[in-house]
Amino acid sequence: MATETQSPLYIKMHVNDNVAIVVNDGGLPAGTQFPCGLRLIEAIPQGHKLALVSLLAHEKIVRYNVTIGYATETIAQGRWIQEALVQLPAARDLHNLPIADRPAPATSPLEGYTFQGFRNRDGSVGTRNILAITTTVQCVAGVVECAVKRIKEELLPKFPHVDDVIGLDHTYGCGVAIDAPDAQIPIRTVRNISLNPNFGGQAMVVSLGCEKLQPTRLFPKAAIPIQNTSEPLIVCLQDSQHVGFMAMIDAIMSTAEQQLTALNQRRRETCPASDLVIGVQCGGSDAFSGVTANPAVGFATDLLVRAGATVMFSEVTEVRDGIDQLTARAATPAIADAMIREMAWYDQYLKRGGVDRSANTTPGNKKGGLSNIVEKAMGSIVKSGSSAITGVLAPGEKLSSTSKGLIYAVTPASDFICGTLQLAAGMNMHVFTTGRGTPYGLAAVPVVKVATRNELAKRWYDLMDINAGKIASGESSISDVGWELFHFMLEVASGKKTWAEHWKLQNSLVLFNPAPIT
Ligand code: CA
């Protein structure tokens, strides 16, 4: 690989930056001299920062043309800028932000791109055809797991146009303060996941009977899309007709057969790229995330938006320090205000727990060169590309069928919770970038994984779908990888399997429940 043999290389993101990151695999030893003449005065690991100039104590440390921190002491040119040398700046005040004052550059529509998808009655399009069994409460999870195993073995082979059968288990449903104002978040999340485009539009529900989250509360009549043929099909385990365990399994299986018969009628048809609903997120980030994979995703985001598709970006603590960039890019003042409102809510949520946004970064992030949340956020936010932001979704809310363009879907940065909330919002494909490496996958939608570094792409050759590391080593440009990702997404939307699907890697759904437990 080029980086193993190439001369010493660093990447400076912006002309105003006074730090840069080391590109070479394995890092660089003390005494290394770069072609520009700059010499390292100590060894620096790959992805970690070097001082391009000497810095005084309290001087701004600038990367991405943003102050990521202040020097805690004098830092000589060529020194390794470790975490302890970087003092975290205060979070951006949510008052006096720029509001919708930076209109997105005019772009031409991107026409003629299509994929083969499953169109639903409400106009949404699935990229997979899956029988999903919704659960109202964790109590039924074991029974549903047994039933799903038998459905897969005994029924699924008879329905060749159905891709999979999954149980939507979660830990919510009872033992919770269900009337607390914030309980609406987990409740609407479960409801809206059940209506994900990949599940065909009609929910099948397994309920226990005595739980707080009753099926009628999960699916009040008003919440059922008018285009659906009928109300959810419900199996209640405590119903008196179920005598013994096998009676429950039989009831679930016969309801499943009814659903499978309907789903098996679905066929892929040619759909415009505008029917894609892509959720983007990152996990296991390193200093290359913001240099390679996330900018390539941002490039693909702009292509998708030009093609009329919907792209959701999320992860509150990873955009909080760039809120001024986002409010400036809002299509209208009302959209900027909605973002500010959601950021303020999240600040309070963290404060209630005695922490702030700095609780986000992981040991792996730091080992990968990210000193703090500001630096991580600047690398994360670029997944959103450069388009105007046309909508904001609160956690667990579902996109309306008319929402298109770039949407800020409010979620925690936690990989599982972000993915779960983007499923509820209605994504039909997930794009996930990683630098440290995570084998993340979801049962409900394909997950396209993008590696930030050549070394990871090589080591995890059968887990990473796209290698953006080629950007750091100079073999590809951001636009090359962005286009590669765009074309790959159309293929995956049409049925091509991702590596996570190939290996059946399926992480659990994890609900965001900010409300009290009883
Ligand atoms: Ca994440």
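I began with lysine 376 and found it in helix H10, residues 373–381; helices here (H or I, at least four residues) are DSSP runs numbered from the N terminus. I note that this is a predicted model, in which local features need pLDDT of at least 70 and side-chain atom pairs count only at pLDDT 80 or more, while totals for chains, interfaces and linings use all residues. Residues are numbered from 1 along each chain as its sequence is written, and side-chain values use heavy atoms, with hydrogens and water left out.

I then looked up the accessibility of lysine 376, which is buried at a relative accessible area of 7% (buried is under 20%, exposed over 50%, partly exposed in between, with a 1.4 Å probe and protein chains only). Setting aside residues up to four places away in sequence, I found lysine 376 touching Ser285, Glu318, Asn360, Thr361, Asn365 and Leu370, where contact means heavy atoms within 4.5 Å.

Next I turned to helix packing, which is described by the angle between the two axes and the distance between them. The axes are lines fitted to C-alpha atoms, for helices over the stretch in contact, and angles run from 0 to 180 degrees between N-to-C directions.

For H6 (residues 293–306) and H14 (residues 478–493), I read axes that come within 8 Å and cross at roughly 60°. That makes H6 oblique to H14, given that under 35 degrees is roughly parallel, over 145 roughly antiparallel, 65 to 115 roughly perpendicular and the rest oblique. I listed the residues in contact, among them Phe299 and Leu303 of H6 and Trp483 and Phe486 of H14. By class, the contact of H6 with H14 has 13 nonpolar, two polar and no charged residues; Ala, Val, Leu, Ile, Met, Phe, Trp, Tyr, Cys and Pro count as nonpolar, Asp, Glu, Lys and Arg as charged, and the others, Gly among them, as polar.

For H3 (residues 184–194) and H11 (residues 415–425), I read axes within 7 Å that cross at roughly 60°, and this crossing of H3 and H11 is left-handed. The contact is made by Thr189, Asn192 and Ile193 of H3 with Thr420, Leu421, Leu423 and Ala424 of H11, and it has four nonpolar, three polar and no charged residues.

For H2 (residues 141–155) and H5 (residues 245–263), I found an angle of about 55° with the axes 10 Å apart, and the crossing of H2 and H5 is right-handed. Their contact includes Arg150 and Glu154 of H2 and Glu257 of H5, and its classes are 13 nonpolar, no polar and three charged residues.

I also checked for disulfides, a disulfide being a pair of cysteine sulfur atoms within 2.5 Å, and the structure holds zero. Cysteine 174 is in none, the nearest cysteine sulfur being that of cysteine 139 at 6.2 Å. Cysteine 174 is partly exposed at 35% relative accessible area, whereas cysteine 36 counts as exposed at 53%.

Last, I looked up proline 333, which lies in helix H8, residues 333–352, and is partly exposed at 48%. Leaving aside neighbours within four places in sequence, I found proline 333 in contact with Ile99 and Ala100.

Terms used: Helix = DSSP H or I, 4+ residues; strand = E, 2+ residues; numbered from the N terminus. Left-handed = near helix turned anticlockwise from the far one by under 90°.
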